[in-house]
Amino acid sequence: MTTTATPPPTERRSAPPRAKARPGDRIFSRSAQVAGILILIILAGVAAFLVREALPTFTADPSEIDGGEGFLSYVWPLVFGTVAAALIALVVATPLALGIALFISHFAPRRLAQGLGYVVDLLAAIPSVVFGLWGIQWLAPQVQPAWAWLADNLGFIPLFTGPASATGRTMMTAGLVLAVMILPIITAISREVFLQTPTLHEEAALALGATRWEMIRMAVLPFGRPGIISGIMLGLGRALGETMAVAMVLSTGGFTWSMLTSGNNTIAAEIALDFPESSGLKTNTLIAAGLVLFVITLAVNMFARWIVSRRSEFSGAN
Amino acid sequence: MSIDTLPPAGPASSSLAHNQLPRYTTQIVLVASLAVGAGLSAVFGGFSPIRFAVLSTLVFLIVNTTLSAVVEGRRKAVDKLVTALVYTAFGIALVPLISVIWSVLDNGLERFSLDFLQTSMRNVTGLNDQQALEGAAPFIGGAYHAIVGTFLITALASVISVPIGLLTSIYLVEYGRGRLARAITFFVDVMTGIPSIVAGLFAAALFAVLFGVGTRNGFAGAVALSVLMIPVVVRSSEEMLRIVPNELREAAYALGVPKWRTIVRVVVPTAISGIASGVTLAIARVVGETAPLIVTAGFTSSINTNPFSDWMMSLPAYVYSQAMRPLSGSSPQPSFDRAWAAALTLILIVMVLNLVARLIARLFAPKTGR
């Protein structure tokens with residue numbers, strides 16, 4: 001009885017119902033597609049215009065570039081400064097951010113947790129120029145004694161060579177401001193993955209007699225590792241590209257190993273400080289430096305996404 | 001027939017049970033270490049809030065952990081140490097947040113007034129500031145031109161990015177299949193990572209090629225901000241459109257509604273609260289962008305209401321220029337005060353936008369649960 005009731009499947013496939021092509025549909029889908037393609041064009045435009053405007057730097061006589069020894073020797077101290085400031089920020093922000101994320105996801109009382117998460121997100125909403133202003137006028141004088149102490153007691157380490165700057169406007173201070181700025185990014189992403197830990201894993205660990213920390217170490221952290229790493233990398237990307245905090249806080253200068261004296265500069269801050277008054281080849285040089293920054297942040301961000309996509313396939317959540 | 005009950009096992013008889021400290025131990029240790037911290041900081045070079053906090057925390061960490069290690073064993077001690085460290089991390093994170101907000105309020109309110117919001121910096125010189133400090137003249141100069149500039153540039157950027165971003169997200173969710181959709185998703189990801197200064201350089205280079213070297217105007221700033229804003233709008237709208245249940249679409253198709261009308265009349269209205277709040281958050285993000293604007297829109301002290309010609313001030317650029325290049329080198333304080341007041345204005349705008357985003361999300365949320 002059942003076999004006669006169902007029509008043979010070949011018959012159904014022979015006449016697929018085709019929707020009538022309406023002009024409204026065509027216009028709408030076409031315009032949506034154009035918008036998508038426009039994004040690709042914009043990005044291609046960003047790359048094309050930057051390369052086009054940067055090219056004169058590479059063809060010009062090395063003695064005409066700022067510093068007189070070609071583009072490479074101009075840009076490497078800036079790359080060093082950019083990476084140094086970002087690394088300081090990362091070293092300070094990562095443990096704090098993980099602590100805050102754990103606090104919100106596993107330690108704080110449930111009713112408080114959401115509000116606390118919002119408080120940390122508030123930090124992300126504050127414009128970078130305000131952080132710059134805060135860094136130069138409030139933070140720099142506050143931390144200056146600490147840097148002087150470091151220079152006095154740990155001065156044998158090249159990074160802490162004294163004498164410490166009297167104004168406190170150093171790479172360390174700039175790195176601290178950057179740390180405050182990337183703190184909410186790392187916190188937000190780690191918090192999300194910590195909250196997604198399967199409850200069964202946590203309860204199983206607790207039922208076996210684990211303390212709360214052992215439960216976190218055995219269930220939460222392994223599960224959240226890709227999220228933590230991608231959060232750190234995204235924070236690094238932000239710290240590398242952040243301009244105003246460094247441009248305002250740091251008292252810029254030539255290359256030096258010491259993070260406690262004035263000197264060094266980052267690519268982004270160099271552009272912000274010099275571009276408005278630049279002309280001719282200097283403009284091209286700055287744009288070429290911007291291109292270098294673009295490539296660095298691109299690599300960092302790609303790496304972050306790659307880690308996430310690589311691990312998402314066999315994560316415990318699905 | 002009485003049932004014999006086993007005698008209760010003593011704490012020493014079971015290997016699973018450990019000695020336990022009373023629950024209130026932590027509180028007692030905390031109070032004690034606060035007292036010790038205050039005492040120590042008084043001994044070592046005078047009382048200061050920072051020294052007090054650092055010393056108290058150290059004392060607490062050491063005493064609490066050691067006590068637990070001696071009585072309760074290593075595992076409990078590690079647990080307590082980590083718990084204390086996590087609480088400390090949160091406490092440390094509150095320091096910059098509170099101090100930023102406090103210093104902006106404290107310094108910003110000094111000069112924040114209706115007058116500040118309604119006057120520009122035209123013809124205000126360092127001489128005025130010096131006289132004002134000496135009490136010979138009133139403080140003058142405000143941020144009206146910067147507020148106008150920020151408003152115009154941000155509005156232009158939204159006009160460019162919201163349609164592109166929204167249509168792209170519709171394409172990705174409703175139409176996009178295959179290689180093009182994957183490419184767009186990937187490059188939107190790439191765009192989110194563009195440093196803001198690079199976006200500014202792009203707009204500057206574009207306008208230099210199109211309109212001659214050194215072209216600076218509000219529109220160039222808006223283009224730079226759009227590069228930063230489009231990916232944010234795409235991401236948030238895409239997420240919102242994806243959570244619209246498929247049943248709604250299928251119901252519309254079953255009634256014979258064309259696909260584009262389904263999207264316009266069913267899908268987008270269902271997600272509109274999320275989309276609108278996402279757009280508002282994107283605006284809040286670009287309002288505070290400084291770096292792209294100082295390389296594209298430039299600085300000025302006069303009111304400019306035409307974004308297509310001449311330099312245009314914006315609030316972040318105003319904060320930057322007042323803080324870094326005070327009008328009067330010898331008496332910079334009035335300029336710093338202006339910078340703080342402008343920072344306060346900026347934060348107020350961002351906070352209001354964030355609040356509006358939350359309100360929109362709540363007020364226009366689709367009615368459910370009926």
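A:Phe255 is partly exposed, because its relative accessible area is 33% and partly exposed covers the range between buried (under 20%) and exposed (over 50%), computed with a 1.4 Å probe on protein chains only. The model is predicted: local features need pLDDT of at least 70, side-chain atom pairs count only at pLDDT 80 or more, and totals for chains, interfaces and linings use all residues. Residues are numbered from 1 along each chain as its sequence is written, chains are lettered from A and ligands numbered from 1 in the order in which they are written, and side-chain values use heavy atoms, without hydrogens and water.

In one of them, the ring centres of A:Phe255 and A:Trp257 lie 5.6 Å apart, and the planes meet at 70°, so the pair is edge-to-face. Rings of Phe, Tyr and Trp (its six-membered ring) pair if their centres lie within 6.5 Å; planes under 30 degrees apart count as stacked, over 60 as edge-to-face and the rest as tilted. Ring pairs also join A:Trp76, A:Phe80, A:Phe255 and A:Trp257 into a cluster.

In chain B, B:Phe207 and B:Phe211 make a tilted pair, with 5.5 Å between centres and 40° between planes. Both sit in helix H8 (residues 196-211), four residues apart, about one turn of the helix. Helices are DSSP runs of H or I, at least four residues long, numbered from the N terminus. B:Phe207 is buried at 4% relative accessible area, whereas B:Phe211 is exposed at 57%.

Charges also sit over rings in chain B. B:Arg261 lies over the face of B:Trp260, 5.9 Å from the ring centre. B:Arg325 lies over the face of B:Phe299, at 5.1 Å. The criterion is NZ of Lys or CZ of Arg within 6 Å of the ring centre and within 35 degrees of the ring normal.

Notes: Helices (H or I, at least four residues) and strands (E, at least two) are DSSP runs, numbered from the N terminus.
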